[in-house]
Amino acid sequence: MSIDLSALPPAERYKLLTAVVIPRPVAWVTTVSAAGVVNAAPYSFFNLFGQDPALVILGLEHRAGGQPKDTTRNIRETGEFVVNIATPELVETMVATAASYGADTGEPEALGLALAPSAQVAVPRLADAPVALECRRTVALAFSAEREILVGEALGLAARDGLIDTARNHVDWGGAFPVARLFADRYARLVEIERRSIPPVPG
Ligand SMILES: Cc1cc2nc3c(=O)[nH]c(=O)nc-3n(C[C@H](O)[C@H](O)[C@H](O)COP(=O)(O)O)c2cc1C
């Protein structure tokens, strides 16, 4: 079978594409509004796209009517954001921050989430997340009335004690990897399979 994606309404395309491009990592993004309200929300159109510069990308959809989400507006206003990485134990809390709180209400305060200061940006991180990337906006690209792609540079990395051996820059998750998003309201734990290094070209 073959599906002509261009013939489908965007919502149906979303259903198909987000169910086949899995798992996706989740950026649990903290930002601060111009008024000083700390915001948190999950974004799974997210990934790392390089190390020099250290680029991260977020797919930001606007609300109906083209209104930017709080995360988008805050990054436009301050140019900074923090990508917090969640483990499966934090999924319920992470999803709770996706509720449509108004711009004046910060999810961390409303839900009682502890914050910790960042080293490279003014935006705080979520204290319970094992890892956070402290980022500055590089460029935002508008593709339609609803779709913006934000490219940022990761300037700093914060990690819980014991996760990183800084002498070797070695990260040891001890098997307790970050949560993976499947689709809709479904998430997964990652289970490592056998290691496979790239072989030399035969002959
Ligand atoms: C796991 C998860 C992933 C999400 N990924 C995205 C995403 O990539 N892009 C997006 O625009 N919204 C995404 N959302 C929806 C936003 O989190 C939601 O609209 C939220 O209310 C935005 O909050 P804000 O206005 O505080 O930024 C996601 C929601 C969940 C639960």
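Which element gives the most to the shell around the ligand? The points below lead to the answer.

1. This is a predicted model, in which local features need pLDDT of at least 70 and side-chain atom pairs count only at pLDDT 80 or more, while totals for chains, interfaces and linings use all residues. Residues are numbered from 1 along each chain as its sequence is written.

2. An open sheet is formed by 7 strands with antiparallel pairing, in the order β2-β1-β5-β8-β9-β4-β3. Strands (E, at least two residues) and helices (H or I, at least four) are DSSP runs numbered from the N terminus, and two strands pair if DSSP finds at least two bridges between them. Because β2 (38-43) and β3 (46-48) stand at the edges with a single partner strand each, one side of each has no neighbour in the sheet.

3. Strand β4 (residues 55-61) runs antiparallel to β9 (residues 147-159), and 7 bridges join the two; Val-56 stands opposite Gly-152 in β9.

4. Helix α2 (residues 70-78) packs on the sheet, where it touches β1 (27-32), β2, β4, β5 (80-85), β8 (131-142) and β9, a contact being two C-beta atoms, placed from the backbone, within 7 Å. The direction of α2 makes about 50° with that of β1, with axes fitted to C-alpha atoms, for helices over the stretch in contact, and angles running from 0 to 180 degrees between N-to-C directions.

5. As for the opening question, β2 gives the most to the shell around the ligand, with 4 residues, and β2, β4 and α2 each supply at least two. Of the 17 residues around the ligand (C-beta atom, placed from the backbone, within 6 Å), Ala-41, Phe-45, Glu-61, Lys-69 and Thr-71 come nearest.
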